[in-house]
Amino acid sequence: MAVSMSSDIILPEEVPNLELPKHIEFLAKYGTAKDDYEFCMTDFLRMSGMYWGLTSLDLMGKLDHVPKDDVLAFVKECFDETSGGFSPAKHHDPHLLYTLSAVQILAMYNELDTIDTSKVVKFIQFLQQPDGSFWGDKWGEVDIRFTFCALATLTLLNKLVEVDTKKAGEFIFSCQNFDGGFGSKPGSESHAGLIYCAVGALSILKEADKIDGDQLGWWLCERQLKSGGFNGRPEKLPDVCYSWWVLASLTILGRAHWINKDALVRFILSCQDISTGGFADRPGDIVDPFHTLFGLGALTILGYDGDKNPKLKAINPVFCMSQEVIDRLGVKIQILRLGTE
């Protein structure tokens with residue numbers, strides 16, 4: 001178990017190897033016990049939970065370990081014919097977060113043609129506001145996360161032209177702070193997860209080159225602690241999920257080489273549970289599909305597969321999906337290289 005300090009942890013002395021077979025077993029079994037308390041209490045995010053688990057399996061080349069027909073039936077059951085959005089589970093309201101997850105799952109299985117994409121487009125169009133921002137659902141919350149979800153969903157559907165992308169870009173830059181980072185809305189604190197949403201959305205819009213990559217890259221690099229892990233903002237503990245948010249953002253900005261990659265690998269590997277499989281936020285904590293995906297995703301960007309494992313698939317830093325799916329859809333994004341901004 002890791003020892004906690006004020007704003008960092010001390011890693012265990014022995015770092016395990018990457019245990020892909022254990023992670024495959026963990027994910028394939030996760031959520032099958034439908035009477036469990038944990039299963040019932042996570043109903044409100046089930047669609048995203050399925051995306052996290054299925055993407056992890058896809059990166060390991062084991063998507064077939066989950067019954068495809070059951071997955072597709074669940075996704076279609078969550079489609080709201082009236083609004084055009086997807087809910088996290090049946091009897092919940094549709095929301096942009098879960099609409100993106102549903103579309104990502106369908107894209108993984110090459111099943112996008114099985115839904116009425118025109119209704120999905122109308123759902124997203126309805127949620128865009130005059131300032132370019134997006135509501136998450138009909139109740140009116142604005143967050144830069146929802147801008148990313150809207151633009152990513154439309155891009156996967158090849159329908160990005162159906163919203164005001166110019167206004168969307170202006171809203172994103174209105175969320176930028178003096179330190180180069182981005183918050184959830186104008187005036188909000190810079191945060192690594194929200195920076196990922198901003199940088200990813202601007203990559204989709206082909207406007208990432210408008211970012212001051214040196215300033216933002218430095219802020220992101222400062223998130224790496226002595227343990228090798230990243231935190232999401234100053235004075236916070238490291239968390240495996242920020243391995244993805246920070247590293248993917250730096251990859252889009254062309255500055256992933258600015259960090260200590262070996263130290264990050266050591267931190268991520270330490271967060272595995274080698275008995276059950278899966279990754280936790282920090283060593284010794286409870287594992288879950290969320291941290292498992294972002295741990296594997298970061299290792300994939302870093303080019304780390306371990307010595308005895310099958311190779312992980314390449315991952316797209318914007319969509320957090322296997323690159324082969326993005327290539328199949330013909331999606332193009334903007335990735336910066338130093339000297340080209």
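Trp 52, Phe 148, Tyr 196, Trp 244, Trp 245, Phe 290 and Phe 294 form one aromatic cluster. The model is predicted. Searching the whole structure turns up ten aromatic pairs. Two of them are described here, and their members, Tyr 196, Trp 245, Phe 290 and Phe 294, belong to the cluster.

| Pair | Geometry | Centre to centre | Angle between planes |
|---|---|---|---|
| Tyr 196 and Trp 245 | tilted | 5.1 Å | 55° |
| Phe 290 and Phe 294 | edge-to-face | 4.9 Å | 80° |

Take Tyr 196 and Trp 245, the tilted pair. Tyr 196 sits in helix α9 (residues 192–204), and Trp 245 sits in helix α11 (residues 240–252). The two residues are 49 apart, so the pair links distant parts of the chain. Are these two side chains buried or exposed? Tyr 196 has a relative accessible area of 3%, so it counts as buried. Trp 245 is buried too, with a relative accessible area of 16%.

Phe 290 and Phe 294 pair edge-to-face. Both belong to helix α13 (residues 289–301). They are separated by about one helical turn because they are four residues apart in that helix. Phe 290 is partly exposed, with a relative accessible area of 22%. Phe 294 is buried, at 4%.

**Helices α11 and α13**

How do the axes of α11 and α13 cross? They come within 7 Å and cross at roughly 40°. That angle makes α11 oblique to α13. The crossing is left-handed.

On the α11 side, the contact residues include Trp 244 and Trp 245. Val 240, Cys 241, Ser 243, Leu 247, Ala 248 and Thr 251 of α11 also contribute. From α13 come Phe 290 and Phe 294, together with His 291, Gly 295, Gly 297, Ala 298 and Ile 301. The edge-to-face pair of Phe 290 and Phe 294 is therefore part of the α13 contact surface with α11.

**Two arginines**

Which ring does Arg 223 lie over? Arg 223 lies over the face of Trp 219, at 4.5 Å from the ring centre.

Arg 46 is found in helix α3 (residues 46–59). Its relative accessible area is 12%, so Arg 46 is buried. Arg 46 and Leu 264 are 218 residues apart in sequence. In space, they are 29 Å apart, C-alpha to C-alpha.

Technical notes: Residues numbered from 1 in each chain as written. Predicted model: local features only at pLDDT ≥ 70, side-chain atom pairs only at ≥ 80, totals over all residues. Heavy atoms only, no water. Phe/Tyr/Trp six-rings, centres within 6.5 Å; stacked < 30°, edge-to-face > 60°. Buried < 20%, exposed > 50% of the residue type's maximum accessible area, 1.4 Å probe, protein only. Lys NZ or Arg CZ within 6 Å of the ring centre and 35° of its normal. Axes fitted to C-alpha atoms, helices over the stretch in contact; angles between N-to-C directions. Parallel < 35°, antiparallel > 145°, perpendicular 65-115°, else oblique. Left-handed = near helix turned anticlockwise from the far one by under 90°. Contact = heavy atoms within 4.5 Å.
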